[in-house]
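Colleague: I would like to learn how to read a few local features. Please take me through them.

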Amino acid sequence: MSIITNTQGLNNDLYWQEEKVKVSDGSEQNLSQEDFFALLTEQLSNQDPTKPVDNDQMVSQMTQFTTADGISKLNEKFENFATSMTSNQALQASGLIGQDVLVEANVGYMGSEGAGISGFVVNEQTVQNMEITITNGNGEVIRTIDAGTQGAGNIEFSWDGTDRSGNLMPPGEYLVSANGQVNGEGVAISTAIHRHVSSVSLAGSNQGIILNLEGDVSINLDDVIQIGS
């Protein structure tokens, strides 16, 4: 706002002329609530007595500024709250380090020779002649587990880390696949595998907490079905 003097001989009355007040983008000082009311007070003090400021207009300006200022502060509080929540989740998730988690997958990781792999076959209907097949990274079938007829539900399985001859298999990734028959037709069945948590990472706000699993695999905390084996 600036104050100008009447230069046309109108009793040297003072008039005020409203100019746009630029709110800084961060490179300059922002217009605070105190600054706004100081400008408003100055405006009222130097207004044209014959044309006073309309009350409704003044109330509208005050309301708009107060609302914008309140929203800005509310957004700041929500950002701080979100940061605090993410940090708290990361602290809680750190307790998963060293534990096993169950995730929907068809690849398991055996950390040491003969450690084996366990999980569940996610069976949605009764299946006959169910078989669980373990395949190594070269595509070779290491072991086939005959599960027979299974009703709908989560069917637990465990592979002891040996081949058909009882030889211990080396550490590494192994593909776990389940198949069976429904009304004489072959079907593939989903699996969920236990994986060991090596570490926890705090990702961006849109990713949340990341669990780094043994075998150089990372998953989102939300993908965990069950904690513990």
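Colleague: Is N129 buried, partly exposed or exposed?

Modeller: Buried means under 20% relative accessible area, exposed over 50%, and partly exposed in between (1.4 Å probe, protein chains only). N129 has 49% relative accessibility, so N129 counts as partly exposed. This is a predicted model, in which local features need pLDDT of at least 70, side-chain atom pairs count only at pLDDT 80 or more, and totals for chains, interfaces and linings use all residues. Residues are numbered from 1 along each chain as its sequence is written, and side-chain values use heavy atoms, with hydrogens and water left out.

Colleague: Where is N129 found?

Modeller: N129 is in strand β6 (residues 127-135); strands (E, at least two residues) are DSSP runs, numbered from the N terminus. N129 is not a glycine, yet has a positive phi of about 55°.

Colleague: Which way do the side chains of β11 point?

Modeller: In a regular strand the side chains alternate between the two faces of the sheet. In β11, I209, L211 and L213 point one way and I210 and N212 the other, and all are buried. Because five of the five residues of β11 (residues 209-213) are buried, the strand is largely enclosed by the rest of the structure.

Colleague: How many bridges join β10 to β11?

Modeller: Two strands pair if DSSP finds at least two bridges between them. Five bridges join β10 (residues 185-202) to β11, and the two run antiparallel. V200 has L211 as its bridge partner.

Colleague: What is D216, buried or exposed?

Modeller: D216, in the loop between β11 and β12, counts as exposed at 81% relative accessibility.

Technical notes. Helices (H or I, at least four residues) and strands (E, at least two) are DSSP runs, numbered from the N terminus.
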